Amino acid sequence: MPEIELITFDAAQTIVQVDWNPRLFALGCAQAVGLSLDDGLAGDVYERLLGTRWLEYQRINTTRDVALCEGFWRELSHDWLAKVGAPLEKLDAMLEQAEKCMYATDSPIFQPYEDTIPALTALREAGYRLAVISNWDFSLHRVLRVHQLSGLFELVLASFEEGIEKPAPEIFHIALSRLNVHPSRALHVGDDPYDDVHGAHRAGMRALLIDRAQKQPAPGVIATLHDIAKAIQE
């Protein structure tokens, strides 16, 4: 079997713990700036607005224009407040709250796992090349920067920017092509059996499923990122 040169990683629930619910997040930001809303009604309105504009948001991400992407959320928030009869002068404060909640180093939304930086650092020192392939929007790059993860990777692919999501093999092929690595020399690590493991296999790569609740060793399954180097040798 060819030696592994490149290890790619899913992001959410693999290297970054994510607790993201758009409806609850919007309601929480509104409450934090003193808005008193009917959570049921306001939440339903937010979900409908986001749902009807989701395809447009995906298209905007493919432009890789951060200002346009951020503008989408501003416009959505403005229209949401207007529809639920909330004072629009609270918009800026709500967006500032959202920014702080999402991107602070102590964010309750995004946090690296305890093993992430030590394990990835050890893999780099062992000579492996590292990259990210994640079903995520433009914010992936900022989340990784905030938590001092960006410098560990040669390449970060966010599916919304590429216009294609895992498990499609094409997104794996994009990474392999940009890094000039043959699929047989690449390993993907992720928490989803279909998107990550099945998708990587379809692309001709090896794959490991990370299951942090795993109690017993199993072929192709690891319980911590520290197990990757050992699993490669098995």
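## Phe9 and strand 4

Phe9 stands opposite Val132 in strand 4. Strand 1 covers residues 6-9 and is joined to strand 4 by four bridges, the two running parallel. Another of the residues concerned is Thr8, whose bridge partner in strand 4 is Ala131. Strands here are DSSP runs of E with at least two residues, helices are runs of H or I with at least four residues, and both are numbered from the N terminus. Two strands count as paired if DSSP finds at least two bridges between them.

Strand 4 spans residues 129-134, and five of its six residues are buried, so this strand is largely enclosed by the rest of the structure. Buried means under 20% relative accessible area, exposed means over 50%, and partly exposed lies in between, using a 1.4 Å probe and protein chains only.

## Basis of the model

The model is predicted; local features need pLDDT of at least 70, side-chain atom pairs count only at pLDDT 80 or more, and totals for chains, interfaces and linings use all residues. Residues are numbered from 1 along each chain as its sequence is written, and side-chain values use heavy atoms, with hydrogens and water left out.

## The sheet

Strand 4 also pairs with strand 5 (residues 155-158), in the parallel sense and over four bridges. Within this pairing, Ile133 has Leu157 of strand 5 as its bridge partner.

These strands belong to an open sheet of six strands with parallel pairing, in the order 5-4-1-6-7-8. Strand 5 and strand 8 (221-222) are the edge strands, each pairing on one side only. In a regular strand the side chains alternate between the two faces of the sheet.

## The whole chain

The chain contains 10 helices and eight strands. Its C-alpha atoms fill a box of roughly 65 × 35 × 30 Å along the principal axes. For 234 residues, a compact globule would have a radius of gyration near 17 Å, and the 19 Å of the chain agrees with this. That radius is taken over C-alpha atoms, and the globule rule is 2.2 Å times the number of residues to the power 0.38.

Of the 234 residues, 46% count as buried. Among contacts (heavy atoms within 4.5 Å) with a separation of 6 or more, 63% involve residues 24 or more positions apart.
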